[in-house]
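Thanks for making time for this; I would like to walk you through one model, starting with a few individual residues and then moving on to the sheet and the ligand. Please keep the view open while I talk.

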Amino acid sequence: MSKNKPYFIIFGNEKGGTGKSTLAMHVAISIAEQGRKLAVIDLDLRQKSIFRYMENRQEMNNKIGIELSQPDFFVIEQSLLDSKKEAQQAEQSALQQQLDNLPEDTEFVVIDCPGNNTYLSRLAHALADTLITPINDSFIDFDLLGEVDADSHEVNRLSHYSEMVWESRKLRLVGGKKPLDWIVTRNRLSSLSSRNNQKVHNALTALQKKIMFRYVPGLSERVIYRELFPKGLTLLDMKKVDTMGKTQASHIAARAELRNLVESLNLPEKRGS
Ligand SMILES: Nc1ncnc2c1ncn2[C@@H]1O[C@H](COP(=O)(O)OP(=O)(O)OP(=O)(O)O)[C@@H](O)[C@H]1O
Ligand SMILES: [Mg+2]
């Protein structure tokens, strides 16, 4: 019997610290909370953030005796081979092996990429059914997408990253796959609505048709995201585990933002439903 192919959700960009791992963890747990089977793969071979986040979660799960949803998770180990080509091949085989060994009923694979251009990251982008690119609320992050005229929002030149996504898009079309759904979302939005905030919003709205991504609402800047990591928890767990004190109004608002983000991904329905 042929294995059902899982749906690939890739978190990527070529800029460090924009929230890929934080968002990947929250989206992964949102999917798991819906009773969907998924695996999380960390391709950030040096920082291993989401892998460590998942390990913290496993520890928390053992400690508190409440069933926290726990996706399968893996990290691809960095090859120590001297030859760059051989190291790339070894890492590619390790990734392929993980994918081949996924349980048959795995519906989604969430892959967290590093904030720089690596061979594995490029491979992951080529696998993406949905690619999620978080950017911070600044025009500096626009360079990640392309060189944009500040007044007209015309794209003067695509960035290397956008070109790489474009190549992945072409490969999918040649392979007869559904078009890639590229989502750009803002993260760490300031709660104060500023002129900059509005300008970034306008520019992304204008840019989405030109570079062919969907611009969807993102998450605000909230200290809670930093506090959750060592506990392996997400916003979605806080009702079950009251380790953060009383639920605050800001946490309810944060959960609503997350729900909106996940809904706007338009992920495929459960198989057979
Ligand atoms: N919405 C948010 N509010 C406040 N802090 C946040 C938010 N999102 C992420 N952070 C914090 O910002 C830092 C960077 O986030 P994260 O590690 O998720 O980014 P990344 O894109 O995965 O980084 P890298 O490129 O280095 O892998 C972390 O300390 C994280 O806790
Ligand atoms: Mg990361």
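**Notes on a predicted model**

Let me begin with Met212, which counts as partly exposed because its relative accessibility is 42%, where buried means under 20% relative accessible area, exposed means over 50%, and partly exposed is what lies in between, with a 1.4 Å probe and protein chains only. Residues are numbered from 1 along each chain as its sequence is written, chains are lettered from A and ligands numbered from 1 in the order in which they are written, and side-chain values use heavy atoms, with hydrogens and water left out.

Met212 sits in the loop between helix H6 (195-211) and E9, where helices (H or I, at least four residues) and strands (E, at least two) are DSSP runs numbered from the N terminus. Although Met212 is not a glycine, its phi is positive, at about 65°. Asn266 likewise has a positive phi without being a glycine, in this case of about 50°; Asn266 belongs to the segment after H8 and counts as exposed because its relative accessible area is 52%.

Now to the sheet. Seven strands form an open sheet in the order E3-E2-E4-E1-E5-E8-E9, with parallel pairing, and two strands are taken to pair if DSSP finds at least two bridges between them. The edges are held by E3 and strand E9 (214-220), each of which has a single partner strand, so one side of each is left without a neighbour in the sheet. From one strand to the next, the twist averages 20°.

Which residues of strand E2 are buried on one side, and which on the other? Leu38, Val40 and Asp42 are buried on one side, and Ala39 and Ile41 on the other, which leaves both faces of E2 covered. Put another way, five of the five residues of E2 (residues 38-42) are buried, so this strand is largely enclosed by the rest of the structure. Its pairing with strand E4 (residues 108-112) is parallel and runs over five bridges, with Val109 in E4 as the bridge partner of Ala39. Strand E3 (residues 72-75) pairs with E2 in the parallel sense over four bridges, and here Ile41 stands opposite Phe74.

E2, helix H2 (residues 49-64) and E3 together make a right-handed β-α-β unit; right-handed here means that, with the strands pointing away from the viewer, the path from the first strand over the helix to the second runs clockwise.

Further along the sheet, strand E1 (residues 7-11) and strand E5 (residues 130-136) are parallel partners over three bridges, and Leu131 in E5 is the bridge partner of Ile10. As for the helices, H2 packs on the sheet and touches E2, E3 and E4, its direction making about 140° with that of E3; axes are lines fitted to C-alpha atoms, for helices over the stretch in contact, and angles run from 0 to 180 degrees between N-to-C directions, while contact means heavy atoms within 4.5 Å. Helix H8 (residues 249-264) also packs on the sheet, touching strand E8 (181-189) and E9, and its direction makes about 160° with that of E9.

Staying with E5, Ile132 is in that strand and is buried, because its relative accessible area is 1%. Leaving aside residues up to four places away in sequence, Ile132 touches Ile9, Ile10, Phe11, Gly12, Ile183, Thr185 and Leu265.

Finally, the ligand. How many residues surround ligand 1? There are 18, and the closest are Lys20, Ser21, Thr22, Gln47 and Ser220, a residue being included if one of its heavy atoms lies within 4 Å. For polar contacts, the criterion is a pair of N or O atoms within 3.5 Å. An N or O atom in the side chain of Lys20 is 2.7 Å from an oxygen atom of ligand 1, and a polar side-chain atom of Thr22 lies 2.6 Å from an oxygen atom of ligand 1. Arg226 has a polar side-chain atom 3.4 Å from a nitrogen atom of ligand 1.

Note on methods:
This is a predicted model: local features need pLDDT of at least 70, side-chain atom pairs count only at pLDDT 80 or more; totals for chains, interfaces and linings use all residues. A polar contact is a pair of N or O atoms within 3.5 Å; within protein, one must be able to donate a hydrogen and the other to accept it, and residues adjacent in sequence count only if both atoms are side-chain atoms.
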